[in-house]
Amino acid sequence: MTKEAHIVKRAIIMAAGIGKRMQPLTYEVPKPLVKVNGIRMIDTVITALHQNGIMEIYVVVGHLKSQFYEWATHWQGIEIVENPYYDSCNNISSLYVAREHLGDCIILDGDQIIYNPAILSPSFALSGYNAVWCEGQTDEWLMDVENGVVRSCSRTGGSHGWQLFSISRWTAEDGERLRQHLKYEFERGNRQIYWDDVAMFCHFEDYTLGIQKMEASDLIEIDGLEELVAIDCSYQAYLKNAQ
């Protein structure tokens, strides 16, 4: 189970969302393009991918999509994929429109700040998610892992488990399986779920998922304005306007 037999060849970055919890800032700029202490969040993701030799990158866009086209001119190897469903469906729609690029891939969000590029290492043994050991209580998705294999996952959190983060790797075989499952769920009308629900809950028995261990300090996921202001006080005025 520990032999690393698979290598990531491409990345899919989810960047289509409206970013409601960071409004009114995200009325003006899509969340992944928000600068935190002078650096766009998505730029930390691209830089970390490049440092790991992952150069084939697909960015799924929707909200304020024109800004991504301009942004992409400053990078090589970026292909923009438009999600026409972004404002009516959950993020299953973003992976659905990018499903042809699944397989030997890493899937991650564009609104993360990557501090440790090593967490995007291209080598992996089993499909599955980056995870942080959580001793105390959390409300985030929490996985029970036995002998390196995910046995179950709780949507409502808990304690003494592996907290799931939105960085995942998929083998060629599991990528094809995920593509078929995404197509099935989305086209049957199951459009208000997270794409992660597809493998983790809807079709869990069809996958053998592992984890990639990391530390909580390796990245930051900024959910709302208060968290943003805590890191970059230049956005204080937006927080006042939101209150």
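The structure is a predicted model, in which local features need pLDDT of at least 70 and side-chain atom pairs count only at pLDDT 80 or more, while totals for chains, interfaces and linings use all residues. Residues are numbered from 1 along each chain as its sequence is written, and side-chain values use heavy atoms, with hydrogens and water left out. The largest pocket has a volume of about 1300 Å³, and the largest nonpolar core has 43 residues.

**Terms**

- Buried means under 20% relative accessible area, exposed means over 50%, and partly exposed lies in between (1.4 Å probe, protein chains only).
- Helices (H or I, at least four residues) and strands (E, at least two) are DSSP runs, numbered from the N terminus.
- Contact means heavy atoms within 4.5 Å.

**The largest pocket**

- A pocket is an open set of points on a 1 Å grid over the protein atoms alone, where a 1.4 Å probe fits, with protein on both sides within 12 Å along at least five of seven lines; lining residues have an atom within 4 Å of a point.
- Its volume is the space filled by probe spheres set on the points, which are joined across faces, edges and corners.
- The lining of the largest pocket consists of 37 residues, and Arg-21, Asn-91, Asp-109, Asp-111 and Tyr-194 lie nearest the centre.
- At least two lining residues come from each of β2 (10–15), α4 (92–97), β13 (161–170), α6 and β15 (219–221).
- Strand β13 gives the most to this lining, with 4 residues.
- By class, the lining has 15 nonpolar, 11 polar and 11 charged residues. Here Ala, Val, Leu, Ile, Met, Phe, Trp, Tyr, Cys and Pro count as nonpolar, Asp, Glu, Lys and Arg as charged, and the others, Gly among them, as polar.

- A nonpolar core is a set of buried Ala, Val, Leu, Ile, Met, Phe, Trp, Tyr and Cys residues joined through side-chain atoms within 4.5 Å.
- In the largest core, of 43 residues, those with the most contacts inside it are Ile-13, Leu-49, Val-59, Phe-68, Trp-71, Ile-106 and Leu-228.
- Helix α2 supplies the largest share of this core, 6 residues.
- A second, separate core has 33 residues, including Leu-95, Met-143, Trp-170 and Leu-178.
- Helix α2 spans residues 41–51 and is mostly covered, with 8 of its 11 residues buried.
- Among the buried residues of α2 are Met-41, Ile-42, Val-45 and Leu-49, as well as Asp-43 and Thr-44.
- Just after α2, Gly-53 takes a positive phi of about 75°.
- Phe-68 is in contact with residues including Ala-15, Pro-30, Ile-42, Val-59 and Ile-80, leaving aside neighbours within four places in sequence.

- Strands β11 (residues 142–146) and β12 (residues 149–154) pair in the antiparallel sense over 5 bridges; two strands pair if DSSP finds at least two bridges between them.
- Asp-144 stands opposite Ser-152 in β12.
- The two strands form a hairpin with 2 residues between them.
- Asn-147, in the loop between β11 and β12, has a positive phi of about 55° although it is not a glycine.
- Asn-147 counts as exposed, at 65% relative accessibility.

**Other loop and helix residues**

- The peptide bond from Gln-23 to Pro-24 is cis, with omega near 10°, and Pro-24 lies in the loop between β2 and α1 (25–28).
- Asp-104, in the loop between α4 and β7 (105–109), has a positive phi of about 50° although it is not a glycine. Asp-104 counts as buried, at 13% relative accessibility.
- Asp-174 is found in helix α5 and is buried, with a relative accessible area of 9%. Leaving aside neighbours within four places in sequence, Asp-174 is in contact with Ser-127 and Tyr-207.
- Asn-190 is found in the loop between α5 (172–187) and α6 (195–202) and is partly exposed, with a relative accessible area of 21%.
- Gly-136 is found in the loop between β10 (128–134) and β11 and counts as partly exposed, at 38% relative accessibility. Not counting residues up to four places away in sequence, Gly-136 touches Gly-158, Ser-159 and His-160.
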